[in-house]
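Please find below some notes for a colleague who is meeting this structure for the first time. They are arranged as numbered points.

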Amino acid sequence: MLPASDQPVQVSPAVTVTGLVKQFGRFAALRGVTAEFASKRLYAILGDNGAGKTTLLRALAGLTPPTRGSIAMLGTTDLRSVCGQLGYMAHPSLLYDEMSGMENLRYFARLYDVKNCDQRCAEVIRAVKLDPSLTRPVGQYSQGMRQRMSLARALLNDPKILLLDEPFSNVDVRSAREMVSLLTDLRDSGKTIFVVTHQASLLEGAADEFVWMEVGQIVSRTPGLQAKVETR
Amino acid sequence: MSAVASLTRATLAKDLRLEWRSKDAINSMLFFSLLVVVIFSFSFDPTAEESRQIAGGLVWVAFLFAAVVALNQTWAREMRNQVLDAYRVSPAPPNALFLAKVVGNFIFVTVLQALMTPLFIVFYNLRALGPAYQLPIVAALGTWALVVNGTFFAAMSLRTRSREIMLPLLLFPISIPALLAMVEATGAILTGEFSARFWIVLLAAYDLVFTIASLFLFGFVLQAE
């Protein structure tokens, strides 16, 4: 018998998805997704275009109401009540091009009632390796800088669950590796992270689980990237 | 309540800053209104008496069409980079966003009116024969009627394919009672032939009803796909 400290602890899942169906007209983007995702883990969600990855992420964020099925997050199915504990980064930047990074984050910090607003904004901007004193409007940033600022926005409210859609697209390899390192640090600090990506290799060794999707369903969950490649 | 007020202020400040930097809405509105004033003035060449009779309709139709430009801009800004989604995933109340947009549009249209009114006076040789102090009241109530409905319907038509066409189609029919009240009240004040009191009360009631209805329904519009 294992000593008490070594026994596996029963942790309630951070996210439970049950029979999730999402239809856009006659097209079913999600076809009965059922899964549990434990807390404090980093999940890479992979699949071809049209597999339903982004729709799943948007449904988790509460942006796309499901046609059928349910989502429980942090112990509740009322996603509105936990939206303050979510961080969402979409493929577009979700930033105002005419304002600087700091101005953008100050505004979004107000939406989350973030305390010590300026200090927190500067902290997350530095965390993504950008300069808080940059006065240029975001519209003049490079695509990679915009992606990182978008990640900073998602981190602003110190969320328990992070939902990231293609965070590494248009980001150079070095910056992408820095972002992965930041994500693993965040996971180690207790956050549950979902990353939709086509650049799975970047997350090898960092992600706890690779979730493979095909035609609106989760078809496989593997601990490593190689495992799925071998079974295909 | 204070959270809504605080977020309304923050969103309004952000919108004013964005408009100050881009000048998208105000430039288009000014240009459009200017064209209306000049073209109508040269087309009809009315006498002072005729001007007083038609000015109410002319002024409000010009402001209504110009306001549509601003109303489309106000949400187009939120659709670029899908910034609206950032608001939708946050715990911020939908009404704060709506109120900020309404107040913002109210300010834009009021600035437009302040700039255009002297031109209307000059081009149409206007002088109020009735109680002129009622004109700012009619202007404020009429503008609020336009922007509160316009902001709401612009949000509704946001995800439609041809939203520039959809907005006037939705907005104009529902604005007819308000437009009628604005035109009649303005006409009454300019000509001095009858009292504008009934139309002002009607306009105030219209504003109250549609503001409450829009605030009640905006949450559904914002969260709709």
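How many residues of chain A are in contact with chain B, and how many of chain B with chain A?

1. In this predicted model, local features need pLDDT of at least 70 and side-chain atom pairs count only at pLDDT 80 or more, while totals for chains, interfaces and linings use all residues. Residues are numbered from 1 along each chain as its sequence is written, and chains are lettered from A and ligands numbered from 1 in the order in which they are written.

2. On the opening question, 23 residues of chain A are in contact with 20 residues of chain B, contact being taken as C-beta atoms, placed from the backbone, that lie within 7 Å. Strand S5 (86–89) and helix H3 (101–111) of chain A each supply at least two residues of the side of chain A that touches chain B, and the largest share, four residues, comes from H3(A). Helices (H or I, at least four residues) and strands (E, at least two) are DSSP runs, numbered from the N terminus.

3. Within chain A, six strands form an open sheet of mixed pairing, in the order S5-S6-S7-S3-S8-S9, where two strands pair if DSSP finds at least two bridges between them. The edge strands are S5 and strand S9 (217–222) of chain A, each of which pairs on one side only.

4. Strand S3 (residues 42–47) of chain A pairs with strand S8 (residues 209–214) of chain A in the parallel sense, over five bridges. Gly47(A) stands opposite Met213(A), which lies in S8(A).

Note on methods
Two residues are in contact if their C-beta atoms, placed from the backbone, lie within 7 Å.
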